[in-house]
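Reader: I've got this one open on my screen and I'd like to walk through it with you. Can we take it piece by piece?

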Amino acid sequence: MAAYVSSNGIEGILRHAGLRMAESPNPARGYVREDYLFTECMVCGVEAHYKPQYIMQKTQEGEQTCRACHWRAWNRGSLAVYGRQVETQHSEGGEDDPLLAYEHERNVRSAQRRAQEHDYELVVLLDDGPGDRIVVTRCINCGKQGARRLYDLGRCSCGGPRAREGVSYANTARQVAREEMPHDGSVYENGEHASLAACTSGCLEWWDSKRNAPLTPETLTRRSQRNVWWICPRCHLSFVAPVYWMTWRPSCPECEQVQRLRFSIDREERRHQSIADYPDLLAAWDDEMNPFDVPMTDYRSYRFVCPAGHHPRQTPSSYLDNGCRHCRAARTQADPRQVYLRQTNPELAAEWGRVIGDAEGRYTPDNVKESSRRKVVWSCLACGYEWTTTPRERGLRINNRCKNCGKVLGSFAWKYPSLAEEWDPRNPTSPWNTTPAGRLTFKPRWICSRNPDHRWEMSIASRVKHSKGCPFCAERSAG
């Protein structure tokens with residue numbers, strides 16, 4: 001996709017995704033693929049901001065772009081799995097039922113409080129019936145509007161109102177020794193200096209060297225949006241997919257379709273079965289509940305005993321399909337190919353404090369993965385603020401900023417500490433609060449580390465990709 005899309009082109013992209021413009025179009029200009037567009041869903045009418053790049057990605061994946069439609073469908077699927085008792089109870093009252101009206105008002109107030117905690121204003125509460133509540137919120141800082149599940153709310157990608165200035169690099173709470181990224185434009189893309197050849201997600205086993213020639217993994221980065229050829233190691237299907245998608249989660253479209261079909265068939269069969277219908281599951285049952293009364297689709301956790309003597313608490317389907325979770329964890333840890341947080345995200349590892357409930361200090365960034373659900377206390381490198389969440393949640397884009405000062409993961413200050421030292425404190429934002437590829441509304445000012453009298457303006461891209469230093473020192477050297 002080109003950097004700019006014409007007004008006619010953007011209308012076609014939106015129409016294909018079931019959207020239309022909710023703002024006045026400007027036919028005189030093109031639309032940048034990284035810019036947010038204010039759109040309206042042609043199905044449910046919800047207005048939200050999306051990037052053209054995001055819209056095209058969801059369309060290519062066959063997924064609904066409108067998040068309101070997506071999460072409503074998700075709710076319906078969850079109710080189909082977990083039964084319809086709650087839905088039946090909710091539908092017994094009429095629209096004028098005072099109890100339902102009171103419950104709705106209480107849900108609205110609860111949603112407003114949660115939105116305000118994350119620097120949003122509540123536009124509307126879409127669903128307050130069974131399932132996850134869905135809300136439309138607007139960021140009080142940048143005005144971006146979107147639909148999501150209430151408990152998925154995290155700070156806006158703009159960082160919120162407290163992220164405009166941030167912490168001066170000279171006042172950083174903790175200095176951490178780290179290797180500086182090389183200033184080499186040939187290997188730098190989208191702020192991520194990481195070759196595809198160094199990717200550990202397993203996607204390299206899918207690489208189709210014959211069809212991709214002369215391209216090689218060494219010539220691409222993990223964040224590349226280029227479409228290349230892959231071969232599924234299971235069904236041997238050849239297909240095209242963008243690099244960034246496969247580095248995140250290698251998957252085959254045909255195998256996924258088969259897997260979804262099998263899941264639907266198994267789910268329908270299990271709706272009419274109990275634990276007692278599966279001899280192996282019944283033999284492992286170690287819970288006080290009667291196994292004849294527990295349906296296979298029950299989403300609650302029960303106690304089992306595995307042949308190794310572990311007593312995990314899992315859902316019936318989870319234990320049947322995946323086995324004991326403790327045994328799975330032991331096999332994973334014993335695999336010599338495993339990589340942990342210290343290797344995959346050094347910046348996150350540097351902000352690691354301690355694991356809640358781990359008085360002995362058994363868990364560290366050297367034996368915990370980015371996908372871990374353990375509750376960890378983090379300490380912001382920039383301001384020292386502490387908060388608790390899981391590594392998995394911190395990896396989500398909506399949670400990748402410090403809640404206090406707005407420091408962002410993958411920041412310019414983390415990747416290029418020597419350049420961050422020359423960042424002029426008078427700039428409107430801190431080097432902790434922008435990424436190397438971040439779009440700024442100003443041209444950064446710099447102060448030479450060798451001669452503080454040398455001050456100049458220059459973009460981050462010029463300093464990083466083109467290795468440009470102090471222009472005054474360069475003139476003196478040339479002379």
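This is a predicted model: local features need pLDDT of at least 70, side-chain atom pairs count only at pLDDT 80 or more; totals for chains, interfaces and linings use all residues.

Reader: Does Lys 144 count as buried or exposed?

Author: The cut-off for buried is under 20% relative accessible area. Lys 144 comes in at 17% relative accessibility, so the label for Lys 144 is buried.

Reader: Which side chain is joined to that of Lys 144 by a polar contact?

Author: Leaving aside neighbours within four places in sequence, Lys 144 is in contact with several residues, including His 49, Thr 137, Cys 156 and Tyr 36. A polar contact of 3.1 Å links the Lys 144 side chain to that of Tyr 36.

Reader: What about His 236, buried or exposed?

Author: His 236 is in a loop too, the one between β9 (227-231) and β10 (238-242). Exposed means over 50%. With 58% relative accessibility, His 236 therefore counts as exposed.

Reader: On to the largest nonpolar core. Why does it lie between two domains, and which ones?

Author: The core has 34 residues, and Trp 352, Trp 378, Phe 412, Trp 432 and Trp 446 have the most contacts inside it. Among the elements that each supply at least two of its residues are β13 (352-355), β14 (376-379), α15 (412-415) and α17 (460-464). Because both domains give residues to the core, it lies between domain 3 (341-399) and domain 4 (412-477).

Reader: Which tryptophans does Trp 378 touch, if I skip residues up to four places away in sequence?

Author: Trp 378 is one of the residues with the most contacts inside that core. In soluble globular proteins, nonpolar side chains tend to be buried together. With those sequence neighbours not counted, Trp 378 touches residues including Leu 341, Leu 348, Tyr 385 and Pro 391, and the tryptophans you asked for are Trp 352 and Trp 387.

Key. Residues are numbered from 1 along each chain as its sequence is written. Side-chain values use heavy atoms; hydrogens and water are left out. A nonpolar core is a set of buried Ala, Val, Leu, Ile, Met, Phe, Trp, Tyr and Cys residues joined through side-chain atoms within 4.5 Å. Buried means under 20% relative accessible area, exposed over 50%, partly exposed in between (1.4 Å probe, protein chains only). Helices (H or I, at least four residues) and strands (E, at least two) are DSSP runs, numbered from the N terminus. Domain bounds come from an automatic or database domain assignment. Contact means heavy atoms within 4.5 Å. A polar contact is a pair of N or O atoms within 3.5 Å; within protein, one must be able to donate a hydrogen and the other to accept it, and residues adjacent in sequence count only if both atoms are side-chain atoms.
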